[in-house]
Amino acid sequence: MEIKNFFEFNFKSLKLFLHKDLEVEEKKVSMRSKQIWQSVYKKGSFEISNLTTFPLELRSKLNSFISLKKPKILKTQTSTDGTIKWLIKLFDSNEVECVYIPEKTRATLCISSQVGCTLNCRFCHTGTQRLVKNLSFAEIINQVMIAKEQLNDWNEKKNITNIVLMGMGEPFYNYENVKTAVEILRDKEGLNYGPKKITVSTAGIANRIPDAAKEIGTYLALSLHAPTDEIREMIMPINKKFRIKELIEHCKYYSSVVKEKITLEYVMLRGINDSIECAKQLIKIMAHFPCKVNLIEFNPWPGVQYLPTQREDMEKFAKAIQEAGYVATIRRSRGQDILGACGQLRTESLKIKQ
Ligand code: SAH
């Protein structure tokens, strides 16, 4: 029998493996599976030998057939503002980044769902890296496990309080793996992140939004970035496929199921989408479903053609939205000096031609 990596199991398939392959008797399968699951995901124990509640024979079987190996960190960069970016080497040698962003009362871990991306948003650094592959749910969860291990974050009171799927890639183009990863994140016997502690960010893969409302159920962030199809199409080619009108319809549905405001992300590009006229058009969109807008300072990267909107203009834009009665916040950029901020992630992994 081949050795299985523990992180490739969800709870259901772990139970099946213990029963069918390791011949754990049926009435003990749930208990044993729970014990391993909790020891890894709650306590951060990565050694089978620590499972001292297990009979010796079972422990040695587990040792022979289950590995708890995680991908390795290739590089750690720490920003002057405390943000940490880890470059992780996956078992297949592809590289992926995740970013830890501490704040006063909480800390967010930003994880990736793909190596590279297909969307090619003009302002995004990841968009210059072609899609190499979808991450498996194990590879998504491993980013969390690696960060937690680095920070020794296994106490009841969590250091990493929030998880955002806002790193490299488009989560809804890797829907099944993202769905399973969120299930594992939410599992009360394991990592135990409530649905309101997780945010999935999408560039607007409209036809996945209704499924996600029913099956994922976390906070949703929509990378809108422009109030008209004309502007949006210019900066986000995906808008040719899914128009703003369609996004509005699906967001309406999402917020009616999940009963939370949707966050509209809006990266401010000087002279492109930052006029007061744009703010007025955005307000019209905001009237259709419960939402708030997060104005993002544009983070430049080598070779990009856009400039950030000046602070003063950002504030005017925010004020126009607030005066219409909506929430608009300006997101402070974090980790810029280590290319760890929104839209700056990129690795050297290339797709190997078959
Ligand atoms: N594909 C997903 C998640 C990845 S990016 C999505 O599009 O939502 C996370 C956020 O950073 C998105 O809102 C993205 O549009 C934004 N972003 C991309 N490049 C940026 C840049 N250079 N500066 C600021 N934000 C950027």
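This is a predicted model: local features need pLDDT of at least 70, side-chain atom pairs count only at pLDDT 80 or more; totals for chains, interfaces and linings use all residues.
At what angle do helix 1 (residues 11–21) and helix 2 (residues 26–41) pack, and how far apart are their axes?

**Figure 1. Packing of helix 1 against helix 2.** Helix 1, residues 11–21, and helix 2, residues 26–41, pack at an angle of about 125°, and their axes are 9 Å apart. Helix 1 is therefore oblique to helix 2. The crossing of the two helices, helix 1 and helix 2, is right-handed. On the side of helix 1, the contact is formed by Phe11, Leu14, Lys15, Leu18 and His19. These residues meet Glu26, Val29, Ser30, Arg32, Ser33, Lys34, Ile36 and Trp37 of helix 2. Sorted by class, the residues in the contact of helix 1 with helix 2 comprise six nonpolar, three polar and four charged.

**Figure 2. Surroundings of the ligand.** The ligand is surrounded by 21 residues, of which Phe123, Ser201, Ser223, His225 and Asn299 are the closest. A polar side-chain atom of Ser201 is placed 2.6 Å from an oxygen atom of the ligand.

**Figure 3. Packing of helix 4 against helix 5.** The axes of helix 4 (residues 137–151) and helix 5 (residues 175–186) are 8 Å apart, and the helices pack at an angle of about 40°. Helix 4 and helix 5 are therefore oblique to each other. Helix 4 passes helix 5 with a right-handed crossing. Within the contact, Phe137, Ile140, Ile141 and Val144 of helix 4 meet Asn177, Val178, Thr180, Ala181, Ile184 and Leu185 of helix 5. The contact of helix 4 with helix 5 contains eight nonpolar and two polar residues, and no charged residues.

**Figure 4. Crossing of helix 9 and helix 10.** Helix 9, residues 276–286, and helix 10, residues 311–323, cross at roughly 35°, with axes that come within 9 Å. The crossing in which helix 9 passes helix 10 is right-handed. Helix 9 contributes Ile276, Cys278, Ala279, Leu282, Ile283 and Met286, which meet Lys316, Phe317, Ala320 and Ile321 in helix 10. By class, nine residues in the contact of helix 9 with helix 10 are nonpolar, none is polar and one is charged.

Notes. Residues are numbered from 1 along each chain as its sequence is written. Side-chain values use heavy atoms; hydrogens and water are left out. Axes are lines fitted to C-alpha atoms, for helices over the stretch in contact, and angles run from 0 to 180 degrees between N-to-C directions. Helices (H or I, at least four residues) and strands (E, at least two) are DSSP runs, numbered from the N terminus. Angles under 35 degrees count as roughly parallel, over 145 as roughly antiparallel, 65 to 115 as roughly perpendicular and the rest as oblique. A crossing is left-handed if the near helix is turned anticlockwise from the far one by less than a right angle, and right-handed if clockwise. Contact means heavy atoms within 4.5 Å. Ala, Val, Leu, Ile, Met, Phe, Trp, Tyr, Cys and Pro count as nonpolar, Asp, Glu, Lys and Arg as charged, and the others, Gly among them, as polar. A residue is near a molecule or strand if one of its heavy atoms lies within 4 Å of it. A polar contact is a pair of N or O atoms within 3.5 Å; within protein, one must be able to donate a hydrogen and the other to accept it, and residues adjacent in sequence count only if both atoms are side-chain atoms.
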